[in-house]
Amino acid sequence: MKIADFKLEVFFNQYEFSAPHLLAQSDCESMTVRELLALEEGAAEKFQECWLGYTEVEGGLALRREIAGLYESLGPEDILVHVGAQEAIFADMNVVLEPGDHVICQFPTYQSLYEVARAIGCSLSRWELRQGEGGWQADVDELAGLIRPETRLIIVNSPNNPTGYELNAEERQVIVEIARKAGIAVFSDEVYKGLAYTGERLPWFADLYENAVSLGVMSKAYGLAGLRVGWVATRNRELYEKMARFKHYLTICGSAPSEFLATLALRHGPSLLARNLEIIQANLEESDRFFAQHAPLFQYNRPLAGPIAFHRVNAPVEDFCSDLRKAKGVLLLPGSVYDYPGNYFRMGYGRRDFRTCLGLLQEYLAERGLG
Ligand SMILES: Cc1ncc(COP(=O)(O)O)c(C=O)c1O
């Protein structure tokens, strides 16, 4: 398979570990192994006893039980653990799609969600999120209009990377009805789930639709990207079996220490999510003040859920981001890595040093006579 460069990952590979101030990150504040083990009495001793042999292809039962607990109608047998979410995207697309199939993908979004399909030889229609007065908007009627006889898969990502748009309960229901009526599968990337500002618990697509796959991960809402533990959840048995067999050609199975730590983290999932949501809420308050002060320079798109937002600057965005990085060491992600025009940039809200980063951005604007 020939596949195009992953522009966002190429960008981060260049700057993520050299720029001193990260204001673009999509994951929440992480922690040390020591901090994670301290969540539970006796966990540190048990971790030392972790057996370093191969693990089950599907993921250990204890881990799958914890993950299944996140869903209304799924059991551990419906969960297939992967190494990160990225592996699962690659596996699902390869198992589901054939050259010549048509896929519909929400846009903008994380590139692998449509690039793998394109590399397989599928044609692609974008279901566009649109800039509204007060933020991003989705139109499910437009989605219905994109369906063709050869449409095989609808791909959604909610909360969305990069816009922070969250499909509401009604929109989810309509998407499922459209897909069911046309006999089309849904791949729903829900890696930012768990960070709803209103406390509303929206259903996973795998709970709503028998022919849906929901993608989850420890990286984002839980802030544990270094574990590289992701999963798919689906009630479609045939697809599940095919994906498990496809994984034999990828990583075969996950890492035993990571599975142990992910299981522990999920036992304390609500408190980890509450900690990260608190960080985001505090950062959003800072952000509201900042963008109110600089209203003419930016289109402020407050996210609906999750740790990222996609704002617009009234200036050439690539120059803006690279000048800011060089002058202040602050990393913002230009919308061009999403192939998205119009001077948008991604901002991350999940880190504790958000306020410091925003202060440096403020300084930069003042020095350039922009704010
Ligand atoms: C929407 C989306 N899906 C999948 C991934 C991949 O997650 P992971 O790095 O845990 O494999 C990311 C990472 O940024 C993402 O934003």
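**Charged pairs and the domain contact**

A search of the whole structure finds 21 salt bridges, where a salt bridge is a side-chain nitrogen of Lys or Arg within 4 Å of a carboxyl oxygen of Asp or Glu. This is a predicted model, in which local features need pLDDT of at least 70 and side-chain atom pairs count only at pLDDT 80 or more, whereas totals for chains, interfaces and linings use all residues. Residues are numbered from 1 along each chain as its sequence is written, and side-chain values use heavy atoms, with hydrogens and water left out.

Side chains of opposite charge can pair when their charged atoms come close.

The domain assignment, which comes from an automatic or database source, gives domain 1 (7-32 + 270-367) and domain 2 (52-268). Taken over C-alpha atoms, the centres of domain 1 and domain 2 are 25 Å apart. The contact (heavy atoms within 4.5 Å) draws 36 residues from domain 1 and 38 residues from domain 2.

The size of an interface is often given as the accessible area lost when the parts come together. Here domain 1 and domain 2 bury about 2900 Å² between them, 56% of it on carbon and sulfur atoms, the buried area being the accessible area (1.4 Å probe) lost on putting two parts together, summed over both. Between domain 1 and domain 2 the count of salt bridges is zero, while 20 residue pairs, both members at pLDDT 80 or more, are in polar contact. A polar contact is a pair of N or O atoms within 3.5 Å; within protein, one must be able to donate a hydrogen and the other to accept it, and residues adjacent in sequence count only if both atoms are side-chain atoms.

On the side of domain 1 that touches domain 2, α1 (7-15), α12 (269-293), β12 (308-313) and β15 (344-348) each supply at least two residues, and α12 gives the largest share, nine residues.

As for the ligand, Asn161, Asp189, Tyr192, Ser219 and Lys220 come nearest among the 15 residues around the ligand, a residue being near if one of its heavy atoms lies within 4 Å. Polar side-chain atoms lie 2.7 Å from a ligand oxygen atom for Asn161, 2.7 Å for Tyr192 and 2.6 Å for Lys220.

Most residues other than glycine have a negative phi, and most peptide bonds are trans. Against that background, the bond joining Phe107 and Pro108 is cis, with omega about 0°, and Pro108 lies in the loop between β3 and α6 (112-120). The peptide bond from Ser158 to Pro159 is cis, with omega near -10°, and Pro159 belongs to the loop between β7 and α8 (169-182).

Technical notes. Helices (H or I, at least four residues) and strands (E, at least two) are DSSP runs, numbered from the N terminus.
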